Amino acid sequence: MSFDLFEKEVRILERAKALLESGAIADKDIAKEFAKLHKGYAKLFKTTRRLVKMSDRNEEKLNKLAHSLDEKSTMLEQLSVKLSKYLSPQVYESIFSGAQDASLTTKRKKLTVFFSDIKDFTRTTEDLQPEDLTSLLNMYFTEMSFIALKHGATIDKFIGDAMLMFFGDPKSRGVEEDARCCLRMAVEMQRRMVNLKKIWLEQGYDKPFQMRIGINTGYCNVGNFGSEDRMDYTIIGGEVNLAARLESNCDPGGVLMSYETYALVKDLVETEEREPIRVKGIRREVKPFSVLNVNDGSGVEGNVFRQSCDGFSLFLNQDKLSGQDREKVRQELIDALDSLG
């Protein structure tokens, strides 16, 4: 702070001192009282200046400290954004809000588990250069992650070409709605894969990815697993294994779900019941249901086409057609179109 603030006081003290030294005050008592006041004022002025100096130093320290805190806050914010890329948004939010502790604790909850992978991934990618494979995989995961987050999935992990996600933790919309969200997400993913297949073919990839999806609803252990120094927020249990087993039994481009999930979404979908399967760790026989169509008015689900109106009904599942049957169906469709004139 500038001491121009005290110029007036300095001049007053100097003039008072000069007046005393000049002997202009003839009355000795008045001169004595004036000298006493001058001394007291000078002492007060000295104290005031010292306090102002201390205040300026403290203000400077506080400004430096505030600037340092701003820098650290910005650094922590940037670091937090980077860390968020390694966690599912729901898990990240629960940890940074204090709702979730970074300790080895788990709980048992009923979740809807999503498991997917790429059919024949090794054979499909064995001729690709590492750069092309990286680009293709990153594009695939980016597109699928966008859809997953849009529907509220907790993305557990990417395992090679596989994805493990779940609905119902840390946030849940209720067991039924969690299952329905998972189904909608899976359907949108497969629809997006149809578009991506065209893009990849145009880019010169003659073996575009084909995704298989398994969905199951059941009780899982969810929480932090690992050690005190390194842990993952994930899910374990037989129901997770069942989702993976359903995925391995799913048709390419399809969605296969357990009866437990089907019971929660049956009004949304048209399905085909498949042969029962058995899974290690699951005592019951599992009845799988393949999704044929979703009752959302689009009429299109992956390689399945269904439309109907008065005088017209068509259901076409390309995944079910062999080469010979495919040509036969093609010719019948052409004949039908010709008959319309």
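1. The crossing of H5 and H6 is right-handed. This is a predicted model. H5 and helix H6 (residues 175-202) pack with their axes 9 Å apart, at an angle of about 150°. Angles over 145 degrees count as roughly antiparallel, so H5 and H6 are roughly antiparallel to each other.

2. Look next at the contact between H5 and H6. On the H5 side, the residues include Leu136, Met139, Tyr140 and Ile147. From H6 come, among them, Met185, Met189, Leu196 and Trp200. By class, this contact of H5 with H6 has 13 nonpolar, one polar and five charged residues.

3. Now the other pair. Helix H1 (residues 7-22) packs with helix H2 (residues 28-84) at an angle of about 150°, their axes 10 Å apart. That angle makes H1 roughly antiparallel to H2. H1 passes H2 in a left-handed crossing.

4. H1 brings Glu9, Val10, Leu13, Ala16, Lys17, Leu19 and Leu20 to its contact with H2. Among the H2 residues there are Phe34, His38, Tyr41, Phe45 and Arg49. The contact of H1 with H2 has eleven nonpolar, one polar and three charged residues.

5. The largest pocket has a volume of about 920 Å³. Its lining has 26 residues, and Lys85, Tyr86, Leu87, Ser88 and Asp156 are the closest to the pocket's centre.

6. Which elements supply at least two residues each to the lining of the largest pocket? They are helix H3 (89-96), helix H5 (130-151), strand E2 (154-159) and strand E5 (231-236). The lining residues divide into 13 nonpolar, seven polar and six charged.

Note on methods. Residues are numbered from 1 along each chain as its sequence is written. This is a predicted model: local features need pLDDT of at least 70, side-chain atom pairs count only at pLDDT 80 or more; totals for chains, interfaces and linings use all residues. Side-chain values use heavy atoms; hydrogens and water are left out. On a 1 Å grid over the protein atoms alone, a cavity is a set of points where a 1.4 Å probe fits but cannot get out, and a pocket is an open set with protein on both sides within 12 Å along at least five of seven lines; lining residues have an atom within 4 Å of a point. Grid points are joined across faces, edges and corners, and a volume is the space filled by probe spheres set on the points. Helices (H or I, at least four residues) and strands (E, at least two) are DSSP runs, numbered from the N terminus. Ala, Val, Leu, Ile, Met, Phe, Trp, Tyr, Cys and Pro count as nonpolar, Asp, Glu, Lys and Arg as charged, and the others, Gly among them, as polar. Axes are lines fitted to C-alpha atoms, for helices over the stretch in contact, and angles run from 0 to 180 degrees between N-to-C directions. Angles under 35 degrees count as roughly parallel, over 145 as roughly antiparallel, 65 to 115 as roughly perpendicular and the rest as oblique. A crossing is left-handed if the near helix is turned anticlockwise from the far one by less than a right angle, and right-handed if clockwise. Contact means heavy atoms within 4.5 Å.
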